[in-house]
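Here is a walk through one protein chain, taken a few places at a time. Keep the structure open as you read.

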Amino acid sequence: MKQISLADKRLALTNIIFAYIAFLIGTFCGLLQVFIRNDALTLPPWLDYYQILTAHGVLLALIFTTYFIFGFLISGMSYSLGSFGPKVHLFSWIGFIVTTAGTLLAIVEIIAGRASVLYTFYAPLQASGWYYVGLALFVVGTWIYSFALIGHYVKWRKQNKGQLSPLFAFMTISTLILWIIACLGVVATVLFQFIPWAFGWVDTINVELSRSLFWYFGHPLVYFWLLPAYIAWYLIVPKIIGGKVFSDSLARLSFVLFILFSIPVGFHHQLTEPGISSFWKFLQTILTFMVIIPSLMTAFSMFGTFEKTGRDKGATGLFGWFFKLPWKDIRFTSLFIAMFFFIPGGAGGIINASFQLNEVIHNTLWVVGHFHITVGTPVAMTFMGLTFWLIPYLTGRKLTKAIQKLAFIQVITWSIGMLLMSTSQHILGLLGAPRRTAYAGYMDDPNALEWFQGILSNHVTMAIGGTILFLSAMILIYIVFYTLLASPKANSIEDTVEFPMAESDVSDTPKFLENWWIWIGIAIALIAIAYTIPLIQMIEHAPPGSSGFKTW
């Protein structure tokens, strides 16, 4: 059974451990939030709602996801392309150190109460300058990681001239290209706007420009989370169910389309903001809907894989393949449930990007519900499903039957908790309940009180869902540390956990799909078309700017 080197395992495991430390703290902050919104909990004077809301968003949406993604990508790149060389190891560890330094600096500022600006850190809310320095270091560290993995890929390409790279490597490079290009926006606003403003080197900030540069980054960030989950769906799931990748070329094309269409779409997060002409909002909304295409391609590929594999195993009838899937294998079931949740999550995304519908749900709890049912379930549950076998693979320990049963309980409780909490948030949002706020009685206004009177549309249901999610998270943390430290060592081939990577037939895959300069060039052209003129207008016709506000 193929194994990656001990040094590569250590690098991947370190990232995964840090991811779950962030996950533990972030989910506890989430538990506090739902009780505060239910007016069932009062925080001590030294801690406030917006402090824990910021910590929850940063720890789960940025830190947990990023560390886990790099842990997974490092494992897969080592498995598919061979062990890392000394330079790749060196720069990977440098990337880890810089990313961790930025993470710790940002978290210290949040804990100290100097950065309660939420995950989006919208100006004119102003945090400590050191918080923005921490964010900058975090991004720079991930770039060092990224270029280390790209260097490993380039070396393989030189040694295997004329060959298409393994599908995992192709998808990894696609994800990293998207990440590097997307981060240019947040790096620009943090370095040239927020840091000088927060340290008092300049008096004001161009609010519209800062938000536009953030959302240039903020929307493709969602696909940076999602594409590693897609890698698992395309490559891990077929292997587990005993099949092959449905279409290598379709899989590669879908990732290329994400590079092209996931970045020049940030204005659909700013449809209600002035200062951006309707034409540019319309253009970026069209490009937003283009991202639906690779998602539908992925859905087609996955159901094609299920049906083909099922029929190869003797399934008959329209849905006979469904009963041939390995439902007793937690590695599969967790990922299937994650994929299923993405159906309503994707539909909600279409609503968010539609101007008329966005008018109804903008800045309401609907957006919070959407965020949780897209990132908190399809992405997070895929990462959980990977964790169940990835940690035993990296540690050389068994995936015991007891842990597999516990993992089923964890996945089921996470699904129930997310259904309750997210459904409640969606309905409350449709009724008008705002986001980004702690509990408010709205002066007992009868229209506001109607928001909280339904079975699902009330903050009690949201709190119950959040509590179940926290309990599920604690089960997951137990599984993580048990498989890290206490699970029995795998002393035989039967007990050794494999890295389940499906075969992918590249015989009919066009080689131009791996000509990165074509896709990077087209992506930059689309970004230039979508952003150049409106950003110039924001700079040329900028208002006087805003000084900083600290409302906590």
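**A walk from helix to salt bridge**

Start with V88, which touches A148 and H152 once residues up to four places away in sequence are set aside. The model is predicted. V88 is found in helix α3. Its relative accessibility is 12%, so V88 counts as buried, since buried means under 20%. Now look across to Y145. V88 and Y145 are 57 residues apart in sequence. In space, their C-alpha atoms are 8.8 Å apart.

Next, move to S116. S116 sits in the loop between α3 (86-111) and α4 (129-159). Is S116 buried or exposed? At 3% relative accessibility, S116 counts as buried. Which residues does S116 contact, apart from neighbours within four places in sequence? They are D48, Y50, Q51, T54 and W552.

Now turn to a pair of helices. Two packed helices are described by the angle between their axes and the distance between the axes. Take helix α10 (residues 330-353) and helix α13 (residues 401-431). Their axes come within 10 Å. The crossing angle is roughly 10 degrees. Angles under 35 degrees count as roughly parallel, and therefore α10 is roughly parallel to α13. On the α10 side, the contact is made by I330, T333, S334, I337 and F341. On the α13 side, Q404, A407, F408, V411, S415 and L419 take part. What kinds of residues make up this contact of α10 with α13? There are 7 nonpolar and 4 polar residues, and no charged ones.

Charged side chains come next. How many salt bridges does the structure hold? The count is 9. One of them joins the side chains of E514 and R157, at 3.5 Å from N to O. This pair links distant parts of the chain, 357 residues apart. E514 lies in the loop between α15 (459-485) and α16 (516-540), while R157 is in helix α4. E514 has a relative accessible area of 5%, so E514 is buried. R157 has 28%, so R157 is partly exposed. The pair also belongs to a network of salt bridges that links R157, D248, R252 and E514.

A second salt bridge joins the side chains of E503 and K244, at 4.0 Å from N to O. E503 lies in the loop between α15 and α16, and K244 lies in the loop between α6 (207-240) and α7 (248-261), so the pair ties together parts that are 259 residues apart in sequence. E503 is exposed, with a relative accessible area of 56%. K244 counts as exposed too, at 55% relative accessibility.

D312 forms a salt bridge with K308, and the closest N and O atoms are 3.6 Å apart. Both residues lie in helix α9 (residues 292-312). D312 and K308 are 4 residues apart, which is about one turn of the helix. At 60% relative accessibility, D312 counts as exposed.

Finish with the cysteines. A disulfide is a covalent bond between the sulfur atoms of two cysteines. How many disulfides are there, taking sulfur atoms within 2.5 Å as the rule? The count comes to 0. C29 has a relative accessibility of 8%, so C29 counts as buried. C183 has 0% and also counts as buried.

Technical notes: Residues numbered from 1 in each chain as written. Predicted model: local features only at pLDDT ≥ 70, side-chain atom pairs only at ≥ 80, totals over all residues. Heavy atoms only, no water. Helix = DSSP H or I, 4+ residues; strand = E, 2+ residues; numbered from the N terminus. Buried < 20%, exposed > 50% of the residue type's maximum accessible area, 1.4 Å probe, protein only. Contact = heavy atoms within 4.5 Å. Axes fitted to C-alpha atoms, helices over the stretch in contact; angles between N-to-C directions. Parallel < 35°, antiparallel > 145°, perpendicular 65-115°, else oblique. Nonpolar A, V, L, I, M, F, W, Y, C, P; charged D, E, K, R; others polar. Disulfide = S-S within 2.5 Å.
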